[in-house]
Amino acid sequence: MSDTRQIKMVGFMQAQNCSIAPGSWRHPGGATDFTTPEYFQRLARVMEEGKFHLTFFDDRLAMPDIYADDYRDAVANGVRAVKMDPFCILTMMAAVTSRLGVGVTYSTTYYEPFHVARLFGTLDLMSKGRAAWNVVTSLNNSEAANFGRTEHLPHDLRYDRADEFMEVVMGLWDSWEDGAIVLDKQTGQFADPAKVHALNHKGQYFAAKGPLPVPRSPQGHPVLIQAGQSGRGRSFASRWGELIFVVYPNLEAGRKQYRELKSAVAAAGRDPNSVSVCPACYVVVSDSQAAAEERREYIRALAKPVDAVVLLSEALNFDFDSKDPDSEFTDEELTRLSWSGFRDRVVALSGKQNPTVRDFVHFSGRGTIGEFPIFCGTAKSIADQMEEWFQGEACDGFVLAATHAPGAFEDFTRYVVPELQRRGLYHKDYAGTTLRENLGLPRPQAGDWRKVGSSS
């Protein structure tokens, strides 16, 4: 590993009443104006002050209502019950920043390639080359029902469709060559038609004529984010992902998964060093270890038991109220869980081929800050922990989830960032104006993506 590597930092956001940890809204320091632009713009300014490379929004297309076949528990307890459109929010955040990357989740299952290509192409222009797309295939039947479908597609089929979806979007983003716009007022020529291309795609799942009526952006096209960690999802991520978000239970498992992901990227015909792998984490910092641990336990206690089962039901497309807490999942039930990487992680951590409901709650940490590793301590000790992960070939950066907002991002910016900068592990300023420049990614040329082998 080169000594010039520096940590990539991502702020993990939700367009809702809480962070990914539902208990965050219960924290006394959690801001309550989450339905206003000012809330998100404050966070954007804090992250840019902390030189975060990117702020990124996770998303779902339905209120959590799989548990007990009802949404009332989610609403009553504020379990990620609000789900605003993050795309609108990102434009508000981009408007008050100039270097912070802006990334958002968008589904390949419930939208059309042309719509996604135009939307993200426009965001990339309006943010002056700071856009990123987190490519997802969505999770559950509630999302399907909101789009007039009867059920969610099977896991591997979703990824087969997603591969073709990506080919269409990438082809549409290639519609305009660099230099296509002429703007010659004397001759009246606006653009060179020879440098604007129709796609005329007709495939198994999609058809799109093109050209895309959005010119190429300063960074070529938006940065692509993926989170596939196993099986078909990993194959998809290794083909398309430029940033890969992961969940590691611990450092040892992280090193193993990091090696496997980098190997998969190489097997797909891409340079592993061009792909950044970033695990999610929480940070709890204070002026002493004891004070930080006291804060951590206070935050941990904000979670309610209902948080876990509501979010597990949502993520796995299975009603956790339908089974006794100590009853094992059958083989057939396990195959029906929609998020195979999540399921496999619980199986591995529990050591059981057929975990119980209680095992899923305990080993997943869903609905609590225990879902991700928690770096807890003084600024120095947290920097020590992050350095161990980063230099120990477990990651290329981190995705910081908020114990509460804006406090978690403010504390990291104020206390941890200066310590990481002092060690030369974290940039002191942005490298350029586009997200690709700041991530150290080359600007792609039209058609570069076609040189990579297809997934199986």
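The following numbered points comment on selected features of this predicted model.

1. Aromatic pairs. A search of the whole structure finds 27 aromatic pairs. One of them joins Phe52 and Phe409, whose ring centres are 6.2 Å apart and whose planes stand at 75 degrees, so the pair is edge-to-face. These two residues belong to distant parts of the chain: Phe52 lies in the loop between helix H1 (37–49) and strand S2 (54–58), Phe409 lies in helix H15 (residues 407–422), and 357 residues separate them. Both Phe52 and Phe409 are buried.

2. A second pair. Phe375 and Trp389 also form an edge-to-face pair, because their planes meet at 85 degrees, with ring centres 5.5 Å apart. Phe375 sits in strand S12 (residues 374–377) and Trp389 in helix H14 (residues 379–391), so that the two are 14 residues apart. Phe375 has a relative accessible area of 3% and is buried; Trp389, at 7%, counts as buried.

3. The loop between helix H3 (86–95) and strand S3 (101–107) contains Leu100. Is Leu100 buried or exposed? Leu100 is buried, with a relative accessible area of 0%. Leaving aside neighbours within four places in sequence, Leu100 is in contact with Ala44, Met47, Glu48, Phe52, His53, Leu54, Thr55, Arg130 and Tyr430. Phe52, listed among these contacts, is the residue whose ring pairs with that of Phe409.

4. Arg450. This residue is found in the segment after helix H16 (435–439). Arg450 has a relative accessible area of 53% and is exposed, because the threshold for that class is over 50%. Not counting residues up to four places away in sequence, Arg450 touches Gly171 and Leu199. Arg450 and Lys128 are 322 residues apart along the chain, and a C-alpha separation of 25 Å is computed for them.

5. Cysteines. How many disulfides does the structure hold? The count is 0. For Cys18, the closest cysteine sulfur is that of Cys281, at 18 Å, which is too far for a bond because a disulfide requires sulfur atoms within 2.5 Å. Cys88 is likewise in no disulfide, and its nearest cysteine sulfur, in Cys18, is 19 Å away. As to accessibility, Cys18 is buried, with a relative accessible area of 4%, whereas Cys88 counts as partly exposed at 48%.

6. A nonpolar surface patch. Met63, Tyr71 and Val75 form a nonpolar patch on the surface, and together they have about 260 Å² of accessible area. Val75 is placed in helix H2 (residues 72–77). With 44% relative accessibility, Val75 counts as partly exposed.

Technical notes: Residues are numbered from 1 along each chain as its sequence is written. This is a predicted model: local features need pLDDT of at least 70, side-chain atom pairs count only at pLDDT 80 or more; totals for chains, interfaces and linings use all residues. Side-chain values use heavy atoms; hydrogens and water are left out. Helices (H or I, at least four residues) and strands (E, at least two) are DSSP runs, numbered from the N terminus. Buried means under 20% relative accessible area, exposed over 50%, partly exposed in between (1.4 Å probe, protein chains only). Contact means heavy atoms within 4.5 Å. Patches are made of residues with over 30% relative accessible area and no salt bridge: like charges are joined within 9 Å, nonpolar side chains (Val, Leu, Ile, Met, Phe, Trp, Tyr) within 5 Å. Accessible areas come from the Shrake-Rupley method with a 1.4 Å probe; for residues, only the protein chains shown count as cover. A salt bridge is a side-chain nitrogen of Lys or Arg within 4 Å of a carboxyl oxygen of Asp or Glu. Rings of Phe, Tyr and Trp (its six-membered ring) pair if their centres lie within 6.5 Å; planes under 30 degrees apart count as stacked, over 60 as edge-to-face and the rest as tilted.
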